[in-house]
Amino acid sequence: MEDLTRRRRWAALLALALGSVAIGLTEFVPAGLLPDIARSVLGAEYARSEPDAVAHAGWMITAYALGVVVGAPLIATITARLRRKRLVLGLLVLFVLGTAASALASTFGLVLAARFAAGLPHGAYFGAAGLLAASLMGPGSEGRGFAVVLSGLTVANVAGVPVITRLGQAVGWRTAYLVIAGVFLLALLAVALTVPDAPASGGSPADELRALRRPQVWLVVATASIGIAGFFAVDSYLAPITTSVTGLSSGSVAWVLVAVGLGMTVGNVLGGWSADRNLHRAMVAGFGAVIVANVYFGLTAGSAFGLFTGAFLIGGTILFLGPVLQARLIAVAPGAQLMGAALNQSAFNAANSIGAALGSVVIAVGLGYRATAWAGVVVSAIGFALAVAGLAVERRRAARPAAVAEGDRIGSGG
């Protein structure tokens, strides 16, 4: 990559992060607007049962997440030899189109299709933009490079999501999504103007696909997909939890989302720092913290203090794991950086899909909105167990050649 002044480097990093801001808006705004979306596109069902309609509208979140899961490995494979800046620009174009289509779709079925399409470029964007950011920051800064890109999610949740949520509540969720499409367009222009050209994001398509043959890659993906679902089981239904469980007004939802975003800000910084120092320890500690945060939220969400502090904790613990898992997947997929980076987003959004669907189920069967936290505890505990098991297997494999070499040395010495 060409030599850059400090100002140009940070302008490029901020442009990449702006794309992440827009992604954070399109992904997390539905959590605050589900009742409004349900009332708008599921009017008859909403009139019969508000909880059933809200649970049904939750599939909008699931559709986007499924798009990410499908799109991340697919795009990583077919664009392996595309230069990074060109890839990022193309992905931002797809975001503009998919988000605008979501706002203009006339039926709930078309909304779901548009949300699925909008999710397709998500994983590849974080992969390609994260690799670009890491190269801008220099060797040994992979965790912090990805944390810079992920910081866009924290900005989105601290400032953008609450503002867009209030806008959507005031003038309609469709207008909110058109504004989000405009943010994607701004990011597209910023990247075009500030980000330098860079080599292709990965190896050949065959190299990228070869990563999918590694059992350790799939174990990390499964760990993230299941373990992080506990966060999304709660986050997807924060709006009805705020109004129906805690008893606050709908205007308070935006402030609860601010608490989530502040937690994400702190967690992202700590996660990037921890990933560059002791990746294995950070992974185990992160999953343990997710479980504790869900337990705390489930016990205290009935009070305003518990709701806000719990929202901060679940946001902080989940984004602590963001750069940690990103670095972990790249480490277990050598020679396929783009695939490893993109699969992290597939895993996060598989978790999003699982969590939103799980929350929908526990609400639909009559367990109540607070039960989403306890469902989250269960899946997060499974993720923690998988993380510990995966690291234990890796340590045993690393120790085996060392033991064989030591035996050979002793034998030859005898």
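Serine 236 sits in the loop between helix 12 and helix 13 (238-245). This is a predicted model, and in it serine 236 counts as buried because its relative accessibility is 2%, under the 20% cut-off. What lies 2.8 Å from a polar atom of the side chain of serine 236? It is the backbone oxygen of phenylalanine 232. If you set aside the neighbours within four places in sequence, serine 236 is in contact with Ala31, Leu34, Ile61, Asn352 and Ala356.

Serine 225 belongs to helix 11 (residues 215-227). With a relative accessible area of 9%, serine 225 is buried. A polar atom of its side chain lies 2.7 Å from the backbone oxygen of valine 221. Beyond the neighbours within four places in sequence, serine 225 is in contact with Ala347, Ala350, Ala351 and Ile354.

| Side chain | Backbone oxygen | Distance |
|---|---|---|
| Serine 236 | Phenylalanine 232 | 2.8 Å |
| Serine 225 | Valine 221 | 2.7 Å |

**Rings that pair**

A pair of aromatic rings is described by the distance of the centres and the angle of the planes.

Tyrosine 125 and phenylalanine 126 make another pair: their ring centres are 6.1 Å apart and their planes meet at 85 degrees, so the pair is edge-to-face. Tyrosine 125 is buried, with a relative accessible area of 0%, and phenylalanine 126 is buried too, with 1%. Ring pairs also link Phe95, Tyr125, Phe126 and Phe184 into a cluster.

**Along helix 1**

Alanine 22 has its place in helix 1 and is buried, with a relative accessible area of 0%. Leaving out the neighbours within four places in sequence, alanine 22 is in contact with Ile180, Val183 and Phe184. Alanine 22 and threonine 99 are 77 residues apart in sequence, and their C-alpha atoms are 10.0 Å apart in space.

Side chains of opposite charge can pair when their charged atoms come close. How many salt bridges does a search of the whole structure find? The search finds 1 salt bridge. In a salt bridge, the side chains of arginine 39 and aspartate 36 meet, with 3.5 Å from N to O. Because they are 3 residues apart in helix 1, about one helical turn separates arginine 39 from aspartate 36. Arginine 39 counts as partly exposed at 43% relative accessibility, whereas aspartate 36 counts as buried at 18%.

Which residues make a nonpolar surface patch of about 450 Å²? They are Leu66, Val70, Leu74, Ile78 and Phe116. Helix 4 (residues 59-78) gives the most to this patch, with 4 residues. Leucine 66 has its place in helix 4, and at 40% relative accessibility leucine 66 counts as partly exposed.

**The whole chain**

Finally, step back to see the overall picture. The protein has 18 helices and 0 strands. Of its 414 residues, 57% count as buried. The accessible surface of the protein comes to about 15,400 Å², and carbon and sulfur atoms account for 68% of that area. Among contacts in the protein with a separation of 6 or more, 83% are between residues 24 or more positions apart.

Notes
Residues numbered from 1 in each chain as written. Predicted model: local features only at pLDDT ≥ 70, side-chain atom pairs only at ≥ 80, totals over all residues. Heavy atoms only, no water. Patch = residues over 30% accessible without salt bridge, like charges linked within 9 Å, V, L, I, M, F, W, Y side chains within 5 Å. Areas by Shrake-Rupley, 256 points an atom, 1.4 Å probe, with all protein chains shown as cover. Salt bridge = Lys/Arg side-chain N within 4 Å of Asp/Glu carboxyl O. Helix = DSSP H or I, 4+ residues; strand = E, 2+ residues; numbered from the N terminus. Buried < 20%, exposed > 50% of the residue type's maximum accessible area, 1.4 Å probe, protein only. Contact = heavy atoms within 4.5 Å. Phe/Tyr/Trp six-rings, centres within 6.5 Å; stacked < 30°, edge-to-face > 60°. Polar contact = N/O pair within 3.5 Å; in protein donor to acceptor, adjacent residues only side chain to side chain.
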